[in-house]
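Please examine the sequence and the model shown below.

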Amino acid sequence: PHFCFYGGDPTLASAMAEGRVTDVEAAFRARFSPGARRDLVARYAGKRFRVPDPMGRKPMTIGRSAPEVADCALRFQEPLDAIQDACAEIRRVKAGRPFAIEVSVDEVPGMSEPHHFYYLCAELRRRNVPSFSLAPGLGFSKLDVDVRDPHGAFATRVRILAGIARHFGAVMGIHSGDGKSVRTRQILARATGGNFWYKISPDRQ
């Protein structure tokens with residue numbers, strides 16, 4: 001099965017980038033119990049998590065502050081709950097037969113932030129959701145538009161996101177790949193260390 005995220009509360013989607021930290025913290029207090037907040041902050045805030053570099057360089061680290069943990073929780077809590085419930089039903093129907101899912105956040109505008117993607121992957125594992133493929137947002141549109149500067153920030157971000165997917169034992173899904181140049185595709189292959197699959201729509205969108 002494939003599960004695609006379309007983003008959380010639109011009023012908070014850009015709050016951290018706009019400096020509205022107090023809005024995020026207030027929503028976190030309103031929507032999560034004191035115990036849930038303590039558990040999430042203790043699990044993630046102020047810690048640095050090592051992930052492998054798919055290109056064989058030294059491991060990379062992912063960290064986040066307490067407000068960033070609140071932001072992650074607000075973005076992903078409801079979709080994670082829905083996926084966990086769906087997987088419970090799949091387990092019941094499959095009756096012991098193996099299965100795995102793909103989780104995608106590529107429909108959310110822009111490129112996925114590493115701390116967002118790590119949080120999502122870590123919570124899927126914690127909830128025992130078997131994910132064979134994790135597809136971050138890479139800033140691709142569904143039109144035949146190539147990346148303007150694939151050798152710059154794009155290549156660095158792909159490497160980090162691919163390292164997170166590898167750390168959690170998943171293949172990185174690359175969606176909306178229509179119309180990308182040979183150069184961009186070569187960078188994708190190198191930056192992921194070959195640990196990816198490439199989705200191209202049969203219908204030109």
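A95 is exposed, because its relative accessible area is 64%; exposed means over 50%, buried under 20%, and partly exposed in between, with a 1.4 Å probe and protein chains only. A95 belongs to the loop that joins helix 3 to strand 4 (101-104). Its phi is near 50°, a positive value in a residue other than glycine.

N128 is placed in the loop between helix 4 and strand 5 (131-135). With a relative accessible area of 52%, N128 is also exposed. Phi of N128 is near 60°, again a positive value in a residue other than glycine.

## Basis of the description

This is a predicted model, in which local features need pLDDT of at least 70 and side-chain atom pairs count only at pLDDT 80 or more, while totals for chains, interfaces and linings use all residues. Residues are numbered from 1 along each chain as its sequence is written, and side-chain values use heavy atoms, with hydrogens and water left out.

## Overall organisation

The protein chain contains 6 helices and 7 strands. Helices (H or I, at least four residues) and strands (E, at least two) are DSSP runs, numbered from the N terminus. Along the sequence they follow the pattern β-α-α-β-β-α-β-α-β-α-β-α-β.

The protein chain has 205 residues, of which 43% count as buried. Among contacts between residues at least 6 apart in sequence, 75% join residues at least 24 apart; contact means heavy atoms within 4.5 Å.

## Cysteines

A search of the whole structure finds 0 disulfides, a disulfide being a pair of cysteine sulfur atoms within 2.5 Å. C72 has a relative accessible area of 0% and is therefore buried. C87 counts as buried as well, at 0% relative accessibility.

D23 lies in helix 1. At 33% relative accessibility, D23 counts as partly exposed. Its C-alpha atom is separated by 7.7 Å from that of L12, 11 residues apart along the chain.

P114 is found in helix 4 and counts as buried, at 14% relative accessibility. Leaving aside neighbours within four places in sequence, P114 is in contact with I62, R157, I160, L161 and I164. One of these residues, I160, is 46 residues apart from P114 along the chain, and the two C-alpha atoms are separated by 6.8 Å.

## Helix 1 against helix 3

Two packed helices are described by the angle between their axes and the distance between the axes. Axes are lines fitted to C-alpha atoms, for helices over the stretch in contact, and angles run from 0 to 180 degrees between N-to-C directions. The axes of helix 1 (residues 21-31) and helix 3 (residues 66-94) come within 9 Å and cross at roughly 60°. The two helices are therefore oblique to each other; angles under 35 degrees count as roughly parallel, over 145 as roughly antiparallel, 65 to 115 as roughly perpendicular and the rest as oblique.

The crossing of helix 1 and helix 3 is left-handed. A crossing is left-handed if the near helix is turned anticlockwise from the far one by less than a right angle, and right-handed if clockwise. From helix 1, V21, V24, E25, A27, F28 and R31 meet P67, A70, D71, A73 and L74 of helix 3. By class, this contact has 8 nonpolar, no polar and 3 charged residues. Ala, Val, Leu, Ile, Met, Phe, Trp, Tyr, Cys and Pro count as nonpolar, Asp, Glu, Lys and Arg as charged, and the others, Gly among them, as polar.

## Helix 4 and its two partners described here

The axes of helix 3 and helix 4 come within 10 Å and cross at roughly 40°, which means that helix 3 is oblique to helix 4. Their crossing is right-handed. In helix 3, E68, D71, C72, A73, R75, F76, Q77, L80 and I83 meet H115, H116, Y119, L120, E123 and L124 in helix 4. The contact of helix 3 with helix 4 has 8 nonpolar, 3 polar and 4 charged residues.

For helix 2 (residues 34-44) and helix 4 (residues 114-126), the axes come within 13 Å and cross at roughly 115°. Helix 2 is therefore roughly perpendicular to helix 4. The crossing of helix 2 and helix 4 is right-handed. L40, R43 and Y44 in helix 2 meet Y119, A122, E123 and R126 in helix 4. This contact has 4 nonpolar, no polar and 3 charged residues.
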